Amino acid sequence: MDSGKIRVRLKKWYQKSKRPLPWRESKSPYFVWVSEVMLQQTQVNTVIPYYQRFIARFPDVRGLAEADLQDVLKIWEGLGYYARARNLHKAAKVVLELHGGQVPGTWDKFRYLPGVGDYIASAVLSIAFGRPYPVVDGNVKRVLARLTAMDLPVNQSSSYRNFHQAAVELLDHDDPGEFNQAVMELGALVCKPGKPDCQACPLQSCCLALDRNQVAMYPKTLQRPKTPLHHLAVAVILKDGKTLIVRRPEKGLLGGLWEFPTGRTGQDESPESACVRIVKEQANLKVSIQSKLTGIRHAYTHFKMKLDGPADYRWVGFDELNNYPFPKANHKFIPMLIAQHG
Ligand code: SF4
């Protein structure tokens, strides 16, 4: 791998091809940090409006640290992976307490903040502070796998070390932040998952997979098990013009969000009996079923549903529902509910 040539070509390409994204307008460590947290697991186009709203609402570490978690979750609502928001909020408090609100620029201080892993630390420290840490995310691994014709599966955790090593060797120490963004941008725009556009690639003369005419063989992946299908019962309980909502535990999937009482239906259990049981477990209330509201399908990338009741619950008017952060799946039927009963 001719690292020198790759760096020069990549940099030139990035300078003229990079997308004008809002978080690229400033190198503020806080802005870079927020954007990188949002971009983990989420597409750029989805992130843009969330990022803009978040920064407008919480413009600095202090603003975020002093905000109520519920307000943070409300702004994050719909973006998914809510542990990211909870950790960011927690980490902002630590930064305010221990570092006077200044995002720390060293590995040993930044990496160990809540929610900060190797990826976030490398991205923020390189982009905002110019520190020489390579980022290794899905885009980077795919580009490296093709450039070096690496046979290790990109989705196997034991391969991480090898991809990291290849990224270390390639890193541009003069401008690591720009370099890291350039590799990720190449992966997003040119060396794409399905169909890389090798004709438009600035690295075509350095690419081993292309040279061997084996681009379609890379990156290698391990087969993942099939996504399981779960049936959940969601109980919409109405009383005196109000509806019952419960708060999910702080830790775990969708932690801290509010929802209509929800739980898995047992084997041979009807959704109706499941609803009655779930409301009893979570709010200790006895309810009877009137009618079925609707059925929806919703995909979560990972799934673990267990509410160890009793939960924190509240009766709220339909006009108040918007004040609470809800999981996306609930939003699929809230408008229908309001239309029928609001
Ligand atoms: S030449 Fe093709 S496969 Fe190789 S890095 Fe460029 S886009 Fe990816």
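Predicted model: local features only at pLDDT ≥ 70, side-chain atom pairs only at ≥ 80, totals over all residues.
## The cores

The largest nonpolar core has 81 residues. Tyr 30, Trp 33, Met 38, Phe 54, Trp 76 and Phe 110 have the most contacts inside it. Helix α8 (residues 118–129) gives this core its largest share, eight residues. Both domains take part: domain 1 (3–217) and domain 2 (232–341) each supply at least three residues.

In soluble globular proteins, nonpolar side chains tend to be buried together.

## Around Phe 110

Now look at Phe 110. Beyond its neighbours within four places in sequence, Phe 110 is in contact with Trp 33, Val 103, Pro 104, Val 116, Ile 120, Ala 121, Val 124 and Leu 125.

## Helix α5

Helix α5 (residues 69–76) is mostly covered. Six of its eight residues are buried: Leu 69, Gln 70, Val 72, Leu 73, Ile 75 and Trp 76. The cover over these buried residues includes the helices α2 (29–39), α3 (44–57), α4 (61–65) and α6 (83–99). Strands β3 (242–247) and β4 (258–259) are also part of that cover. Just after α5, Gly 78 takes a positive phi of about 100°.

## Val 37

Val 37 sits in helix α2. Val 37 counts as buried because its relative accessibility is 6%, and the cut-off for buried is under 20%. Leaving out residues up to four places away in sequence, Val 37 touches Trp 76, Arg 84, Leu 88 and Ile 120. Val 37 and Leu 88 are 51 residues apart along the chain, yet their C-alpha atoms are separated by 7.9 Å.

Terms used: Residues numbered from 1 in each chain as written. Heavy atoms only, no water. Core = buried A, V, L, I, M, F, W, Y, C linked by side-chain atoms within 4.5 Å. Buried < 20%, exposed > 50% of the residue type's maximum accessible area, 1.4 Å probe, protein only. Helix = DSSP H or I, 4+ residues; strand = E, 2+ residues; numbered from the N terminus. Domains from an automatic or database assignment. Contact = heavy atoms within 4.5 Å.
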